[in-house]
Every structure is written in structure tokens, then in C-alpha cells.
Amino acid sequence: MYQGQCLCGSVQFKLHQKITDIVMCHCSECRKVQGTAFATNGNVRNENFEFISGENTLTEFKENANKSRFFCKTCGSPVMAKLKNNPDHTRIRLGTITNDIIEPIEKHIFTGSKANWDNICDNVTQHKEW
Ligand SMILES: [Zn+2]
Ligand SMILES: [Zn+2]
């Protein structure tokens with residue numbers, strides 16, 4: 001259904017379901033991780049996430065007790081996150097998806113802490129936090 005990969009192509013994967021819970025997160029952590037104004041992320045169930053290649057090329061960064069972020073150790077692309085409080089899902093960084101994404105973005109979150117140079121110019125619902 002969807003195919004994704006990191007910038008260098010080492011990490012490649014398929015998603016076998018629609019992407020759910022799509023948000024644009026403007027929090028300060030997402031800014032650091034992405035190196036830009038916000039992150040766009042969505043969920044798939046773990047059983048619907050399939051590696052084609054590069055699982056061993058991912059490096060895990062344990063950000064806190066709940067969250068691990070996984071990025072390509074060759075090119076640095078952020079690929080996914082795993083949350084201990086949502087163990088059945090993999091949270092995908094949607095910039096890694098190669099196809100057009102059909103599911104709509106549900107909301108902007110953490111707009112209360114967005115960068116002053118981050119101008120939101122669409123009509124998607126905004127939340128100051130979650
Ligand atoms: Zn890579
Ligand atoms: Zn965030």
C-alpha cells in the first residue's frame with residue numbers, strides 16, 4: 001500500500017494498511033529531530049509494517065523512558081518512533097513515504113510552542129498542546 005525509505009536508500013519498508021493518527025507536531029523536540037519547523041507523523045500497526053532492507057542500519061535513540069526514535073546511521077533520516085505506552089504501533093515519519101499519502105492530516109499539535117518563523121497556512125485544526 002505504501003513504500004518508504006531513508007535518504008540513502010539503505011532502510012526500505014512497506015506499510016500494509018492506511019496510515020492513522022496523522023499529525024503535524026510543532027514541539028521543540030520534533031524541531032530538533034527534523035531540523036525544521038515541524039514533524040509529520042502517523043501510525044501503523046506493527047504487524048502491518050514490513051522491512052524490505054536496512055533494519056540493522058537503523059540506530060535507536062532512547063529519548064526518554066517512553067519514547068525511542070530510530071534513524072538511519074548512514075544518512076541520518078528519521079524513520080520511525082516507538083512508544084512504550086502504545087506498543088502495538090509504529091510511528092512513521094511521513095517524509096520517508098515515497099507514494100502520495102491519501103489519508104488526511106488530522107491536526108496540528110503543540111502550536112503553542114512552535115517556532116516564531118513557523119507560519120501555519122492551512123485550515124487544519126490547531127491544538128496548543130495535544
Ligand atoms: Zn539512510
Ligand atoms: Zn513533537
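1. Start with a term. A donor is an N, O or S atom within 2.8 Å of the metal. Keep this in mind for the zinc sites below. Note also that this is a predicted model.

2. C6 and C72 are 66 residues apart, and the pair links distant parts of the chain. C6 belongs to the loop between β1 (2-5) and β2 (12-15). C72 belongs to strand β7, which covers residues 67-72. Are C6 and C72 buried or exposed? Both are buried.

3. The zinc ion (ligand 2) has its own set of cysteines. C25, C27 and C30 coordinate this ion through their SG atoms. The distances are 2.1 to 2.3 Å. Along the chain, the donors of the zinc ion (ligand 2) are spaced C-x1-C-x2-C. C25 and C30 are both buried.

4. Next, the open space. The largest pocket has a volume of about 460 Å³. Its lining counts 23 residues. Which of them are closest to the centre of the largest pocket? They are K67, L83, R91, I109 and W130.

5. At least two lining residues come from each of β3 (20-25), α1 (28-34), β4 (39-45), β7, β8 (78-83), β9 (89-93) and β10 (107-109). Strand β3 gives the largest share, with 3 residues. By class, the lining of the largest pocket has 9 nonpolar, 9 charged and 5 polar residues.

6. How many cavities of 30 Å³ or more does the structure hold? It holds 1. The largest cavity has a volume of about 30 Å³. Its lining consists of N43, A81, L83, N86, H89 and R91. Strands β8 and β9 are the elements that give two or more residues to this lining. By class, the lining of the largest cavity has 3 polar, 2 nonpolar and 1 charged residues.

7. Turn to the aromatic rings. A pair of aromatic rings is described by two values, the distance of the centres and the angle of the planes. The structure holds 3 aromatic pairs. One of them is F13 with F49, and this pair is stacked. The centres are 5.1 Å apart, with 25 degrees between the planes. F13 lies in strand β2, and F49 lies in strand β5 (residues 49-53). The two are 36 residues apart, so the pair links distant parts of the chain. Both F13 and F49 are buried.

8. F110 and W130 make another pair. Why is this pair edge-to-face? The ring planes stand at 80 degrees, so the pair counts as edge-to-face. The ring centres are 5.0 Å apart. F110 and W130 are both in the segment after β10, 20 residues apart. Here the two partners need separate descriptions. F110 has a relative accessibility of 17%, so F110 counts as buried. W130 has a relative accessible area of 68%, so W130 is exposed.

9. One aromatic cluster is formed by F13, F49 and F51. F13 and F49 are the stacked pair from point 8.

10. Finally, check the backbone. D21 has a positive phi of about 55 degrees, although D21 is not a glycine. D21 is found in strand β3. Is D21 buried or partly exposed? D21 counts as partly exposed because its relative accessibility is 36%. F110 also has a positive phi, near 55 degrees, and is a residue other than glycine. Its place is in the segment after β10.

Conventions
Residues numbered from 1 in each chain as written. Chains lettered and ligands numbered in written order. Predicted model: local features only at pLDDT ≥ 70, side-chain atom pairs only at ≥ 80, totals over all residues. Heavy atoms only, no water. Helix = DSSP H or I, 4+ residues; strand = E, 2+ residues; numbered from the N terminus. Buried < 20%, exposed > 50% of the residue type's maximum accessible area, 1.4 Å probe, protein only. Donors = N, O, S within 2.8 Å, 3.2 Å for Na, K, Ca; no water. 1 Å grid on protein atoms, 1.4 Å probe; cavity = no way out; pocket = protein on both sides within 12 Å on 5 of 7 lines; lining within 4 Å. Points joined across faces, edges and corners; volume = space filled by probe spheres on them. Nonpolar A, V, L, I, M, F, W, Y, C, P; charged D, E, K, R; others polar. Phe/Tyr/Trp six-rings, centres within 6.5 Å; stacked < 30°, edge-to-face > 60°.
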